[in-house]
Amino acid sequence: MSSTSRYAPSQVDRRGLRVAAAITSIVLALVLVLPSPAREILLAVQVGVFAIAAFAGLKRSPYSIFFAKVIRPRIGAPAELEDARPPRFAQLVGLVFTAVALIAFLAGATTVGFVATAFALVAALLNASIGLCLGCELYLVLRRLTPASA
Amino acid sequence: MTGLLILLVAVAVAAIAAWGVSKKNGRFATVAGPERLGVREIGVALGERATLVQFSSAFCAPCRATRVLLTDIAEKVDGVVTVDIDAEEHLELVRRLNILRTPTVLVLDADGAVVTRASGLPRREQVLAALGSAVADR
């Protein structure tokens, strides 16, 4: 369950984020080893997932929906919830890297495509394995540099 | 195949980074230097035997878990108090103590001297061992 109101930021179940990161890791690993055009198609799917999560909200991401419908009923409610803003920003960062990779592959710059995909994969692996969210850390750094109204 | 090679490199990099971060979390290191904190800096009276000072920030999930752990230890161990400090509201203290990350836990001895410190969520036995070193120095 999550709470949303005009005054309180949206909250998410951390375990859903870890599951989404695990699925992302598998998808990006496949992108690295599959031949064209399977690789571009799969990468485009991942770009789509990142875009949905970043712009429509984490709960609308297909990976989160999978977690909510298939996994969470089996493991019960979360002990606590987490602010959604840093992980949502992290999805945006993932979107940028994978979009760059997709464009690079389509334009024939496969090295750029591999490297950008690899960066996104490392971030997803770190998140899935130890819960370290690099995009979230970036969000905090940026937030500290622009002290607008809280 | 290039893609497979890059995949293996990426997995190796992630594995090394994950191992490094996990080892660092909760690892208490002795502090050299004359840093001493008192009620003026931390807002509460020092514990009779030791004080656990935690620096937290917003959006920090491990900070909550650390606070729960330290509070539980302070309740169970005599003469130990704990305090949670919001890093963003104590920036001068953060700079003075070179706090780079949250959560950071400082262990103070009975006189308020910083004896040992760690960043990241610690395990219970790590905190208890750190407390032991702060108390044994007397």
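Q: Which residues lie nearest the centre of the largest pocket, and how many line it?

A: A pocket is an open set of points on a 1 Å grid over the protein atoms alone, where a 1.4 Å probe fits, with protein on both sides within 12 Å along at least five of seven lines; lining residues have an atom within 4 Å of a point. Here 45 residues line the largest pocket, and Glu137(A), Cys60(B), Pro62(B), Thr102(B) and Pro103(B) lie nearest its centre. Helix 6 of chain A gives the most to this lining, six residues. Helices (H or I, at least four residues) and strands (E, at least two) are DSSP runs, numbered from the N terminus.

This is a predicted model: local features need pLDDT of at least 70, side-chain atom pairs pLDDT 80 or more, while totals for chains, interfaces and linings use all residues. Residues are numbered from 1 along each chain, chains are lettered from A and ligands numbered from 1 as written, and side-chain values use heavy atoms, without hydrogens and water.

Q: What does Leu121(A) touch?

A: Contact means heavy atoms within 4.5 Å. Not counting residues up to four places away in sequence, Leu121(A) touches Ser25(A), Leu28(A), Ala29(A), Leu32(A), and also Leu7(B) and Ala10(B).

Q: How many bridges join strand 2 and strand 3 of chain B?

A: Strands pair if DSSP finds at least two bridges between them. Strand 2 (residues 50–56) and strand 3 (residues 80–86) of chain B run parallel, joined by seven bridges. Within strand 3 of chain B, Asp84(B) stands opposite Gln54(B).
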